[in-house]
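Have the coordinates open as you read.

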Amino acid sequence: MFCEVELFRDVAVIAENLNRNGLVSQQSIVTRLLEDMLNEKASKDHGYFLAVTSLKNIGKGEVVDESGDVFFPVVFNCRTFLPYTGEILQGVVSHIFRHGVFLRCGPIKYAFLSARKMPNYHFVAGENPIFLSDELAKIEIDIVVRFVVLGVRWIERRGRIKKEFVMLASLVGDSLGPISLSGSDELDL
């Protein structure tokens, strides 16, 4: 789900960015804020940081004696993405295994859809494995799938995964499964 949240950050501007009069441009502060948000990527409470939508206030800078850097308190609005259990989302199939598939959903790289949560779908092995339903609908690489979120977990750091959310997905319910979007690449003869 997309949310708009108000956030507060202390933005550090290095002393080299000060002009002759010891002043810092608003552009330098905003640039540094955007760099910091890009590096932070996500938080457990708010989800993935997608965009700074408005700047509410830049407070008076405070100089740190040791480095000469200046810290500015900044209040801003940010658009975030945080999925909730029970929410219906769409994802693109990135990997297929005998026990299920991994989907990418927006900034979330790891949404697992277990074969047990795909009623009437059966694994078909081969060079390009797929899941095939009794109605001949296919779940294969790069197919868009509508699913319901079963659970969401925040992972601070585990192996390659760092500051990310992972999800469990299901196709149990109405209108869930592979979907076709307008503008497909198919030829219309």
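Two strands count as paired if DSSP finds at least two bridges between them. Keep in mind that this is a predicted model. Strand 10 (residues 130-133) and strand 11 pair in the antiparallel sense over two bridges, and F131 has I139 in strand 11 as its bridge partner.

These two belong to an open, antiparallel sheet of three strands, ordered 9-10-11. Strand 9 (121-124) and strand 11 (138-139) sit at the edges with a single partner strand each, so one side of each has no neighbour in the sheet.

I139 also turns up in the largest nonpolar core, which has 27 residues; I139 is among the members that touch the most others, along with V101, L103, L113, F147, M167 and L171.

| Strand | Residues |
|---|---|
| strand 6 | 88-97 |
| strand 7 | 100-105 |
| strand 8 | 108-114 |
| strand 12 | 144-158 |
| strand 13 | 161-170 |

Strand 12 supplies the largest share, five residues.

P73 lies in strand 5 (residues 70-81). P73 and V11 are 62 residues apart in sequence, yet 6.3 Å apart in space, C-alpha to C-alpha. Is P73 buried or partly exposed? With a relative accessible area of 24%, P73 is partly exposed. Leaving out residues up to four places away in sequence, P73 touches F8, R9, D10, N57, I58, G59 and K60.

How values were computed: Residues are numbered from 1 along each chain as its sequence is written. This is a predicted model: local features need pLDDT of at least 70, side-chain atom pairs count only at pLDDT 80 or more; totals for chains, interfaces and linings use all residues. Side-chain values use heavy atoms; hydrogens and water are left out. A nonpolar core is a set of buried Ala, Val, Leu, Ile, Met, Phe, Trp, Tyr and Cys residues joined through side-chain atoms within 4.5 Å. Buried means under 20% relative accessible area, exposed over 50%, partly exposed in between (1.4 Å probe, protein chains only). Helices (H or I, at least four residues) and strands (E, at least two) are DSSP runs, numbered from the N terminus. Contact means heavy atoms within 4.5 Å.
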